[in-house]
Amino acid sequence: MPVLAGCGFLLLQVGLFLARFGLSALGPQSQHPRIWLANVLPGLGLFWLAGVLAALVVRRLLRGTEGLLRFGLIGLAVAVTPIAVASSLLGGLLALPFVALAPAVSYLIFLGMTVLGHRLWLLSRSNAGS
């Protein structure tokens, strides 16, 4: 699943690129195609890695959940995906590692805080009952 999520994340990034710049950005370049590929492929690899790391974070946060909480977390993960894509693009302005880490941090903040709140609520309920 993380590999497929990485491919999906990569497709989202390419789709966003095409929506922003259009197909003319893929047309004849002023530089040699090998140079163009050498510039583009590492970025695509980082976007794929970002999707894989984000999927690993989401999978870990979903572990042990069931029922309505699991359904809500999956819905929240879908809602956070545009934020994660944007944070990956903005992470490139800071440094290359942030391209891969920013989406995972986005999911960790939104889903992690929800899971933490749920676990604290369960803990307080169990302490109140004793």
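Visitor: So what pattern does the protein chain follow along the sequence?

Guide: Reading along the sequence of this predicted model, you get α-α-α-α. That's four helices and zero strands.

Visitor: And how does the radius of gyration sit against the globule rule?

Guide: The protein chain has a radius of gyration of 19 Å, while the globule rule gives 14 Å for 130 residues. The value is well over the rule, so the chain is more spread out than a compact globule.

Visitor: What does the C-alpha trace span along its principal axes?

Guide: About 75 × 25 × 20 Å.

Visitor: OK, packing. At what angle do H3 and H4 cross?

Guide: Roughly 150°, with the axes of H3 and H4 (residues 96-129) coming within 7 Å. Angles over 145 degrees count as roughly antiparallel, and H3 and H4 are therefore roughly antiparallel to each other.

Visitor: Is that crossing left-handed or right-handed?

Guide: Right-handed, as H3 passes H4.

Visitor: What's in the contact of H3 with H4, by class?

Guide: You'll find 16 nonpolar residues and eight polar ones there, and no charged residues.

Visitor: Now H1 and H3. How do their axes cross?

Guide: At roughly 70°, and the axes of H1 and H3 come within 11 Å. That makes H1 roughly perpendicular to H3. As for handedness, H1 passes H3 in a right-handed crossing.

Visitor: Switching topic: how much space lies in the second largest pocket?

Guide: About 270 Å³.

Visitor: Which elements give two or more residues to its lining?

Guide: Those are H1 (2-21), H2 (33-62) and H3 (67-94).

Visitor: And which of them gives the most to the lining of the second largest pocket?

Guide: H2 does, with six residues.

Visitor: How many residues line the second largest pocket, and which lie nearest its centre?

Guide: The lining has 15 residues. Nearest the centre of the pocket are Met1, Ala5, Ala55, Val58 and Tyr107.

Visitor: What's the lining of that pocket like by class?

Guide: There are eleven nonpolar residues, along with two polar and two charged ones.

Visitor: Nice, that's what I was after. Thanks!

Methods. Residues are numbered from 1 along each chain as its sequence is written. This is a predicted model: local features need pLDDT of at least 70, side-chain atom pairs count only at pLDDT 80 or more; totals for chains, interfaces and linings use all residues. Side-chain values use heavy atoms; hydrogens and water are left out. On a 1 Å grid over the protein atoms alone, a cavity is a set of points where a 1.4 Å probe fits but cannot get out, and a pocket is an open set with protein on both sides within 12 Å along at least five of seven lines; lining residues have an atom within 4 Å of a point. Grid points are joined across faces, edges and corners, and a volume is the space filled by probe spheres set on the points. Ala, Val, Leu, Ile, Met, Phe, Trp, Tyr, Cys and Pro count as nonpolar, Asp, Glu, Lys and Arg as charged, and the others, Gly among them, as polar. Axes are lines fitted to C-alpha atoms, for helices over the stretch in contact, and angles run from 0 to 180 degrees between N-to-C directions. Angles under 35 degrees count as roughly parallel, over 145 as roughly antiparallel, 65 to 115 as roughly perpendicular and the rest as oblique. A crossing is left-handed if the near helix is turned anticlockwise from the far one by less than a right angle, and right-handed if clockwise. The radius of gyration is taken over C-alpha atoms; the globule rule is 2.2 Å times the number of residues to the power 0.38.
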